Amino acid sequence: MLEAAATLYTPAMLDIRAIRQQFPILSREVNGQPLVYLDSAASSQKPLAVIEGQREYLAHHHANIHRSAHHLAARATRDFEGAREKIGLHLGAAHSKEIIFTSGTTDAINLVAQTWGRVNLDAGDVVLVPRDAHHAALVPWQMIAENCDAIVEPIEIELQGERAGQIDRAAFTRQLQDLKPKLVVLGHVSNALGTIHPVEELCLEARNAGATTLVDGAQALPHLPIDVQKIGCDFYAVSAHKAYGPTGIGALYGRADVLDAMPPWRGGGEMIKSVSFEGTTFGELPFKFEAGTPHISGAIGFGLALDWLNKIGLQNAQTHEEALTSRATKQLLQIDGLRILGPATGTQKASVISFVIQPENAPAIHPADLATLLDNQGIAARTGHHCTEPLMAALGLAETGGTIRISFAVYNSFEEVDRAIEALKRAVNMLL
Amino acid sequence: MTDAQPTMNLEPRQQELIETFEMFGDWMEKYEHLIELGKELKPMAEADRVDENLIQGCQSRVWIACKTHDNGHLTFTADSDAIITKGLVALVLELFSNAPAAEIATANLHCLQKIGLHDHLSPNRSNGLSSMVQKIKLTALKSLA
């Protein structure tokens, strides 16, 4: 039996009502119903601290950074570099110069592909990418591989049983021995299934086999403590907008010695030491990878979002998100024909639930139909392949519209879970 | 040969559709109606569920097949693996089925705006609906050539 929602709030836990008040969008209506936002894995909403902080910067402190000698430029530079420091600290980097600002995770991975990849990948070299990788962690490698005749191979994911959603470790070990990959790409948390991958173990194994390692951390940033030195990866990529920050800004962590050895990618201002028609020399880290005027207000917003998250406490957020996920899972499994994809119930995972409804003796319900009827009741969920088509194909869901995915952030409430389940039941009744 | 003036079929059908949708209290009822239409749609011959008849631009798969009759009228069969989409295609077929090709090709489906479908559907579904209408009009145009 489920406990009443109210009894699940304990004093030790977060005051979700107070947290919700910091997100103006959560009090709006959609289709005449109060919004229940269950698509934070696609993009999280923003707290006032971020919204107001960016506004404050734009209204009172904006100037271009690193250049002019005037007061505003110095202040903007300090704020921008302060954000870099915060991100470096949050990710456990040894030095803030190991943090390169990018437009997001996708941009960060493309940067590595176009610089490290261009120099280090030759014909016949192997890049391993997990089957559950987001397209952003796969396609940049396919593009560079096409140029240099390298080979991109999938790291297989177990599809069923106790270890569903986890990497097939025996197969991975064999691949490392047999293929001697130059690069191993990993995802910290699967956006489609919520699996938390043991990146520390996987990176160690890959490194021992001589591979460079890149971790896509887009889904981990809002949910898990991250320590790139402990993980032992060469690269780690994140986006601010998945973790309560603005869109259009993210970061690439790269270990200093690896970044130093990489050629610049985009040319322009900021990234140079001196320029002449006879020859141009490039700047030091991190600037050699940051051509042009960056997204200054975004970087500041990114820093503020991490401040906000750290004030809530990642551990507190995680506890609350796990409670939401577990409450939702219990109720979902009572729906006839509902099947949750990925990690088995009870396994630790991120606050993502991906499911399909295929009742016995009735045709499967198309995820797009469910999403339409949920949306009409104010529930924002995601349907489709979640930018993981190779995974959906392996799960046999490529042709049937993928899965429906609900994902939670720290601002979601137990009442919202219950409302979403009620709305889902109503939708299922209409569609059967 | 004195061909009879083609009957103007579409306008009364559009009016009827608008009136039907006016009866519903809210969008959940409208969706219930679309789902009913989807369930009632005559099954499509398996042989017509081919890529050639697949509509591009939909989140779910939709097939539409057309048959041209001697009197210049067109009839359609359709299917989709999503039931709301199937309801939408059924609604479009009800408008167009057994109408003269010339009228279909030049039709202005103002009723879809009037019943608020385009505004209410997600961009994906709305594009899907537009693609269905486009496909039918194109078929009509080709049959006139």
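**The interface between chain A and chain B**

In this predicted model, 16 residues of chain B are in contact with 14 residues of chain A. The size of an interface is often expressed as the accessible area that is lost when the parts come together; here, the area buried between chain B and chain A amounts to about 1400 Å², with carbon and sulfur atoms giving 52% of this area. On the side of chain B, the residues that lose the most area to chain A are B:Met28, B:Gln59 and B:Arg61, which together account for 37% of what that side buries.

B:Arg61 also takes part in a salt bridge, in which its side chain meets that of A:Glu399 at 3.1 Å, N to O, and the count of salt bridges between chain B and chain A is one. Polar contacts between chain B and chain A involve five residue pairs, both residues of each pair being at pLDDT 80 or more. The elements of chain B that give two or more residues to the side touching chain A are α2 (27-40) and α3 (83-96), and α2(B) provides the largest share, with six residues. Classified by residue type, this side of chain B has seven nonpolar, four polar and five charged residues.

Within chain A, A:Asn110 is placed in helix α4, which covers residues 105-120. A:Asn110 has a relative accessible area of 18% and therefore counts as buried, since this class is set at under 20%. When neighbours within four places in sequence are left aside, A:Asn110 is in contact with A:Pro140 and A:Trp265.

Conventions
Residues are numbered from 1 along each chain as its sequence is written. Chains are lettered from A and ligands numbered from 1 in the order in which they are written. This is a predicted model: local features need pLDDT of at least 70, side-chain atom pairs count only at pLDDT 80 or more; totals for chains, interfaces and linings use all residues. Side-chain values use heavy atoms; hydrogens and water are left out. Helices (H or I, at least four residues) and strands (E, at least two) are DSSP runs, numbered from the N terminus. Buried means under 20% relative accessible area, exposed over 50%, partly exposed in between (1.4 Å probe, protein chains only). Contact means heavy atoms within 4.5 Å. Buried area is the accessible area (1.4 Å probe) that two parts lose on being put together, summed over both. A salt bridge is a side-chain nitrogen of Lys or Arg within 4 Å of a carboxyl oxygen of Asp or Glu. A polar contact is a pair of N or O atoms within 3.5 Å; within protein, one must be able to donate a hydrogen and the other to accept it, and residues adjacent in sequence count only if both atoms are side-chain atoms. Ala, Val, Leu, Ile, Met, Phe, Trp, Tyr, Cys and Pro count as nonpolar, Asp, Glu, Lys and Arg as charged, and the others, Gly among them, as polar.
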